[in-house]
Amino acid sequence: MGLSTKRKQACFLPRDFKPLGKNELIRLGSDNKGGYVVSADAVTSTRYLLSLGLGNRCEFELDFAAMARLKRLHAHDPALDADELREAGRRSILPFFGDTPQRRRARAHLKNYRTLFTDRGPDFRHSRDPIGLSEGAIPLHEALAALGSEPGRGFLKCDIGGAEYEMLDAIIEANESLSGLVIAFHDVPARLREIRVFLMAMKDFMVLDNIVADNRRGVDPQGLPNVITLSMSTAFPVDPHIPTAGATRRYKILNEPDDPSLIDFEILYVDDQEKGTR
């Protein structure tokens, strides 16, 4: 079990997972679930964003588009239906539908969605087609090709509930096109070796900027977090460093718990034998 204090609970990852902590970082999206800590340089270098898993507010994509001079944004999320979203927004203006917070959230989501995918033209689009290796899904390399990124100008967000492991080989092969990526890994204790191999393969091209553990998903008996989200950026930025308002090297200040009502996790990086990590 993790070591508990009043405000934090320790969880553990292998020492070679520890971020280098050299890049200036910035948080995009919500303060809690739906927000991600990424390299400021990666954002300012990006012109093409591929988002797998929009979630229910689109705030990360909205902030990213506001900071980067995006030429194209392709988002894939089978769970998000544009017609249902518009209907929820329509119902939100009716005084007898739900409580005020529900109506406010529905209106905000619809507004964000329209700002991203209605007001920006055909190069900013949401598709319900899934990405992956399952039948009927679009392979990641095809989605990246459709994005049409220039070398070092594409950013990938991947938060798709466990299907991320199908993407790892394609991400490694596409490294030259990427300025950065943020990816959520699920079922971490059982698949720690796969994540480690992925990080080893990427280290020649990208640096590990940040890792945060999802405090809603708990830890295993060895204290390994069940879900982590990590961000990486290219080791050789396309653009020279440009100071960005809000960026900081104190990344822990930017890492907020997914659920603020629960105790937060603090990741400690240890040798494998210390906690029996594999």
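Visitor: Are Phe 64 and Phe 155 buried or exposed?

Guide: This is a predicted model, in which local features need pLDDT of at least 70 and side-chain atom pairs count only at pLDDT 80 or more, while totals for chains, interfaces and linings use all residues. Residues are numbered from 1 along each chain as its sequence is written, and side-chain values use heavy atoms, with hydrogens and water left out. Buried means under 20% relative accessible area, exposed over 50%, and partly exposed in between, with a 1.4 Å probe and protein chains only. Phe 64 is buried, and Phe 155 is buried too.

Visitor: How many aromatic pairs does the structure hold, and how is a pair described?

Guide: A pair of aromatic rings is described by the distance of the centres and the angle of the planes. Rings of Phe, Tyr and Trp (its six-membered ring) pair if their centres lie within 6.5 Å; planes under 30 degrees apart count as stacked, over 60 as edge-to-face and the rest as tilted. The structure holds six such pairs. One of them joins Tyr 36 and Phe 60 edge-to-face, at 5.0 Å centre to centre with 75° between the planes. Tyr 36 lies in strand β3 (residues 36-39) and Phe 60 in helix α2 (residues 59-67), so this pair ties together parts that are 24 residues apart in sequence. Helices (H or I, at least four residues) and strands (E, at least two) are DSSP runs, numbered from the N terminus. Both Tyr 36 and Phe 60 are buried.

Visitor: Which kind of pair do Phe 64 and Phe 155 form?

Guide: Theirs is a tilted pair, 5.0 Å centre to centre and 55° between the planes. Because Phe 64 lies in helix α2 and Phe 155 in strand β7 (residues 154-158), the pair ties together parts that are 91 residues apart in sequence. Tyr 36, Phe 60, Phe 64 and Phe 155 form one aromatic cluster.

Visitor: Which residues touch the most other members of the largest nonpolar core?

Guide: In soluble globular proteins, nonpolar side chains tend to be buried together. A nonpolar core is a set of buried Ala, Val, Leu, Ile, Met, Phe, Trp, Tyr and Cys residues joined through side-chain atoms within 4.5 Å. Of the 41 residues in the largest one, Leu 13, Leu 140, Ile 171, Leu 181, Phe 185, Ile 211 and Met 232 touch the most other members. Helix α7 (residues 192-202) gives the most to this core, with five residues. A second, separate core of 27 residues includes Tyr 36, Val 38, Phe 155 and Val 182.

Visitor: Which residues of helix α5 are buried?

Guide: In α5 (residues 140-147), they are Leu 140, Ala 143, Leu 144 and Leu 147. They cover an arc of only 100° around the axis, which puts them on the same side of α5; the arc is that of the directions from the helix axis to the C-beta atoms. The buried residues of α5 pack against β4 (48-52), β5, β7 and α6 (168-173), where contact means heavy atoms within 4.5 Å. Gly 148 follows α5 and has a positive phi, near 70°.

Visitor: What separates the C-alpha atoms of Leu 73 and Leu 147?

Guide: They are 7.6 Å apart, although the two residues stand 74 residues apart along the chain. Leu 73 lies in strand β5 (residues 72-76), and it counts as buried because its relative accessibility is 0%.
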